[in-house]
Amino acid sequence: MKILAIANQKGGCGKTTTATSLSAALAQRDKKTLLIDLDPQSHASIAFGMLKVEPLNSIFSLFVNETDKVKKISDIVINIENRLDLVPSHIILSTIEHELKEREDGLLILAKAIGHAELKYDYVIIDCPPNLGFLTFNALRAANEIIVPVEASVFSIMGVGRLISMVELIKIKLHHAPHTKGLVTMHDEYSEFSEKMLRKIKYIFKDKLLKTIIPYDTALRQAQEKLKSIFKDSPHSRAAHDYLALADELLALDKEASAGNIYQEMRKMLHGVYGNIYSKERVFRLYAPKASDVYIVGDFNNWKIDESSKLEKNVDGDWEKSLYLLPGRYRYKFVADGLWLWDPQNSEKEPNPYGDFDSVFQI
Ligand SMILES: Nc1ncnc2c1ncn2[C@@H]1O[C@H](COP(=O)(O)OP(=O)(O)OP(=O)(O)O)[C@@H](O)[C@H]1O
Ligand SMILES: [Mg+2]
């Protein structure tokens, strides 16, 4: 499951339009997608016609302080169209932002809620509010990838540096390294100014800029006015075409990243046949006495967080799991309460495609 946060503290740069259109595009491409509206303005919810949602049926119920009112993501999901679900927002969400500061787990609530719900989606898209507060921090912490929409304007470009510093802070403080990619929005190819800004954006993001460029297209505004997705309202528009191209680009990048997994699949098949003869036991152990669940994910299980990758806790606060693996070199990580961690007992690490490191071992 891929979790993408759409974030930029600059207002009106196309976050919500990207979150809603990309979610709908991924659903069109047969990917089961969940759109999480994390902005108290609730524009993504409104864009899909969710004008009246009870506070406790919205994302607010994940963050509410009274534990008896806290709900699971699966309890508040609304089906929008084929393969597309929504967790709606509510204006009341803006009132809890300052309370999150007081809570020990204030930055991890969304990551934990997504981790615990065992959601069965291919993609989760999070629409962030236009600031760098606790809600945005929650999204950046939960995401494996951040898409930063940047419209061709001076202020939009100025804000990017601050967002990137925030991601760096997350890397250092929370040992979590989501991959960041820029997306040019509202581009007017006929405007000299827009072209100049595009060159600046390319300079800032370098190879981290998505190739797809979203043009300025009034069809998007018209679709939002009718509370419809661009694919329902204007399927032949330039914007519909380009948001599908964006979905295709992201899908191709993910396919590239998991290309190595075909080899792993073959390895697993062989394991089924020859496992008893050639496989060796490897025990994974993490000391995390306060964690409520810990998983081991890596090349050997396609990085899947599920029952089969769960560790057992012993009385000393150690979490353990033993796996039988064929000889080879494997990358892996622990996931403790939604936090992705290297193995502190293994100094061998390798960089991964997301700009972070994985622990590595050889059998
Ligand atoms: N590619 C585009 N072409 C034309 N108009 C667009 C495009 N993308 C977004 N818009 C319009 O620009 C306005 C701002 O877009 P949007 O709401 O997506 O930005 P946002 O970053 O989510 O804003 P906020 O920071 O307030 O959440 C909206 O009116 C939207 O319809
Ligand atoms: Mg928005």
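Helices here are DSSP runs of H or I with at least four residues, and they are numbered from the N terminus. In this predicted model, the helix α10 contributes four residues to the shell around ligand 1, which is the largest share. Three elements, α1 (15-28), β7 (179-187) and α10 (218-225), each provide at least two residues of this shell.

The shell around ligand 1 consists of seven nonpolar, 10 polar and four charged residues. Out of the 21 residues around the ligand, those that come nearest are Gly-11, Lys-15, Thr-16, Thr-17 and Pro-130.

## Helix α1

The helix α1, one of the contributors to the shell around ligand 1, has 14 residues. From its first C-alpha to its last, α1 reaches 20 Å, close to the 20 Å expected at 1.5 Å a residue. An α-helix has 3.6 residues a turn, so residues three or four places apart point the same way.

Is α1 largely enclosed or exposed? Because 14 of the 14 residues of α1 are buried, the helix is largely enclosed by the rest of the structure. Just after α1, Asp-30 takes a positive phi of about 70°.

## Leu-34 in strand β2

Strand β2 (residues 33-37) contains Leu-34. A residue counts as buried if 20 or more other C-beta atoms lie within 10 Å of its own. Leu-34 has 27 other C-beta atoms within 10 Å, and is therefore buried.

With neighbours within four places in sequence left aside, the contacts of Leu-34 are Val-77, Asp-85, Val-87, Leu-119, Tyr-121 and Val-124. Leu-34 and Ile-3 are separated by 31 residues in sequence, and their C-alpha atoms are 9.4 Å apart in space.

## The sheet of β9, β12 and β11

Strands of a sheet pair through backbone hydrogen bonds, either parallel or antiparallel. One open sheet in the model has three strands in the order β9-β12-β11, with antiparallel pairing. Its edge strands, β9 (280-287) and β11 (312-313), each pair on one side only.

Between β9 and strand β12 (residues 318-325) there are eight bridges, and these two strands run antiparallel. Within this region, Arg-282 has Leu-323 in β12 as its bridge partner.

## The pairings of strand β16

Strand β16 (residues 357-362) pairs with strand β13 (residues 329-336) in the antiparallel sense, over four bridges. Here Ser-359 in β16 stands opposite Tyr-332.

Strand β15 (residues 349-351) is also joined to β16, by three bridges, and the two run antiparallel. In this case, Asp-358 in β16 stands opposite Glu-350.

Methods: Residues are numbered from 1 along each chain as its sequence is written. Chains are lettered from A and ligands numbered from 1 in the order in which they are written. This is a predicted model: local features need pLDDT of at least 70, side-chain atom pairs count only at pLDDT 80 or more; totals for chains, interfaces and linings use all residues. Two strands pair if DSSP finds at least two bridges between them. A residue is near a molecule or strand if its C-beta atom, placed from the backbone, lies within 6 Å of it. Ala, Val, Leu, Ile, Met, Phe, Trp, Tyr, Cys and Pro count as nonpolar, Asp, Glu, Lys and Arg as charged, and the others, Gly among them, as polar. The expected span of a helix is 1.5 Å times one less than its number of residues. A residue is buried if 20 or more other C-beta atoms lie within 10 Å of its own, exposed if 12 or fewer, and partly exposed in between; C-beta atoms are placed from the backbone. Two residues are in contact if their C-beta atoms, placed from the backbone, lie within 7 Å.
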